[in-house]
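Look over the sequence and the model, then read on.

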Amino acid sequence: VLGAASVALKDRKDMRAGAGLDAGMDEASQELCAPLCTSAMKHVVQALLSGTSSDSDEDTQVMAWNFIDSLCWFCGKTTPKPVLKFCIPSAASCLAKVVQVPKAHSARITIACCICLKTTLEQLGRGVLEKLNTIAPPLLDLAKQTPATTTNKAAAAVEVLIQKHVLEVLLTMVRIVGNFLSPYLEQFLQLTTAESGSERTPVLEELGQALVDHVPHRLLLPAVQDAIAPAEEALASATDEQTALADINSGLVRVQRLAVFNTWIFSKATPESVSAGIQSTVAALLHMFASGQKAAAAFLESGGRPEELPSKVLRQVVMSKGEANEAQTSLVWADSCAQGTVLQLNDLAATAFTQFALRLDLEDLKPCFAKVLDWARDTQATMLARQGSRKSAAEEDLNKDTEGACRVLALSAVMQALASAAPGISEELLLPLVAKDLASSLTASRRYALKLAAQHRSASRKRRKAASAAGEPISLSGA
């Protein structure tokens with residue numbers, strides 16, 4: 001009976017949807033059906049889905065959720081009270097059990113529950129607000145769970161499918177009640193900015209874009225900016241020799257996505273709204289720029305070799321000029337936020353700064369850029385002044401030198417982004433401020449380039465001498 005009723009309601013739904021119509025009954029007819037719908041929902045939930053009754057066999061529970069889903073579509077708008085009283089608490093309990101004991105709960109039941117919740121949100125709209133605190137926590141907890149590593153492709157596919165449905169429910173929630181999600185913004189940002197696989201990343205990006213579209217920016221921007229400093233601190237502490245690379249990668253991915261959030265928000269902001277939060281924005285942007293140097297320092301502290309920094313942390317990628325320009329401006333997470341890279345972070349943070357700067361007048365922009373420049377100088381008169389004026393190798397400090405180089409890379413990304421977006425302002429007002437810094441940076445770079453060349457020549461001579469002593473032929477490359 002339950003299955004037949006569910007199929008009948010689903011057929012009606014499909015038929016009405018094909019005609020572009022809703023439930024398809026006038027208010028009087030809906031009122032006549034309300035008592036029957038209420039009784040049916042109460043009975044099915046209490047008998048099959050709540051408390052000890054949730055121990056029913058898998059097929060029965062799936063069928064029950066399918067029936068409740070169809071019933072919510074049929075009467076949810078006109079008879080919301082039983083949906084709020086019976087359906088949502090039962091769904092929250094179901095998802096909470098999955099969070100507590102993931103393997104003890106059927107994937108089919110979980111997916112059917114999520115489909116029902118999505119329908120419920122769509123039908124109730126903002127009427128779901130009184131139960132938001134009931135359903136949001138278990139959904140977020142379940143979405144943040146990392147799928148278990150398994151070699152079983154079928155099991156992995158099921159995990160991906162569950163996460164897809166959970167994220168779709170959250171996406172629907174954001175679109176419907178985004179104005180009221182302030183208590184959960186920190187958790188939403190933790191979820192969307194966490195490192196993810198290729199199947200999950202586009203869905204998280206869509207969820208992130210929905211947050212920007214449906215949550216007021218006066219609430220979202222402070223939440224985004226508040227998340228940056230803790231992410232920077234996490235990078236600084238990623239020094240465990242066994243897990244450093246993985247922690248650095250995930251930490252960089254998080255900051256890169258937070259940078260994209262800033263860009264999305266600023267690109268839609270008015271000059272008035274941007275001007276109201278200049279100090280907090282500049283502070284957050286400096287934390288983003290500093291994250292790159294913290295990642296490099298953590299890598300070295302964990303035992304990483306300096307010569308591996310470009311390939312493992314900075315992640316230099318050889319590409320054509322066109323590809324490089326496209327990669328720098330891309331905000332698609334699969335391209336720009338799938339793996340942690342300091343250079344990509346610099347580009348994304350610079351893009352965010354540029355969107356912010358374009359909405360300021362020149363009198364407000366100058367002190368903002370001056371703060372970024374002061375940060376890049378790191379208490380020196382000009383960037384890399386100490387490194388360029390050293391007389392001996394004994395004065396070298398690997399960590400400080402790496403930090404200084406990362407600061408120069410970050411400022412260079414800012415200058416490049418500003419020059420691309422506003423060449424007139426960049427050349428006439430900003431370039432004169434950094435002319436001496438560019439000169440000192442080039443001096444330091446030349447000094448280190450000559451040092452590296454000398455080291456390579458010395459190593460080459462030693463190889464040739466060893467080969468000659470052993471009677472081995474000397475290759476042209478070795479010579």
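Buried means under 20% relative accessible area, exposed over 50%, and partly exposed in between (1.4 Å probe, protein chains only).

## Basis

This is a predicted model, where local features need pLDDT of at least 70, side-chain atom pairs count only at pLDDT 80 or more, and totals for chains, interfaces and linings use all residues. Residues are numbered from 1 along each chain as its sequence is written, and side-chain values use heavy atoms, with hydrogens and water left out.

## Overall make-up

The protein chain has 21 helices and zero strands. Both are DSSP runs, numbered from the N terminus: helices are H or I with at least four residues, strands are E with at least two. Of its 479 residues, 45% count as buried.

A contact means heavy atoms within 4.5 Å. Among contacts with a separation of 6 or more, 77% join residues 24 or more positions apart.

## The nonpolar core

A nonpolar core is a set of buried Ala, Val, Leu, Ile, Met, Phe, Trp, Tyr and Cys residues joined through side-chain atoms within 4.5 Å. The largest one holds 135 residues. Trp-65, Ile-68, Leu-170, Met-173, Phe-188, Phe-289 and Phe-356 touch the most other members. Helix α13 (residues 278–301) gives this core its largest share, 13 residues.

Take Leu-170. Leaving aside residues up to four places away in sequence, Leu-170 touches Leu-139, Leu-140, Ala-143, Phe-188, Leu-191 and Leu-207.

## Aromatic pairs

Rings of Phe, Tyr and Trp (its six-membered ring) pair if their centres lie within 6.5 Å; planes under 30 degrees apart count as stacked, over 60 as edge-to-face and the rest as tilted. The whole structure has seven such pairs. Trp-73 and Phe-74 form a tilted one, 6.5 Å centre to centre with 50° between the planes. Trp-73 and Phe-74 are both buried.

Trp-264 and Trp-333 are stacked, at 5.7 Å centre to centre and 10° between the planes. This pair links distant parts of the chain: Trp-264 lies in helix α11 (residues 244–267) and Trp-333 in helix α16 (residues 333–336), 69 residues apart. Both Trp-264 and Trp-333 are buried. Ring pairs also bring in Phe-261, giving a cluster with Trp-264 and Trp-333.

## Two packed helices

Helix α3 (residues 58–75) and helix α5 (residues 107–124) pack at about 10°, with axes 9 Å apart. Axes are lines fitted to C-alpha atoms, for helices over the stretch in contact, and angles run from 0 to 180 degrees between N-to-C directions. The angle therefore makes α3 roughly parallel to α5. Angles under 35 degrees count as roughly parallel, over 145 as roughly antiparallel, 65 to 115 as roughly perpendicular and the rest as oblique.
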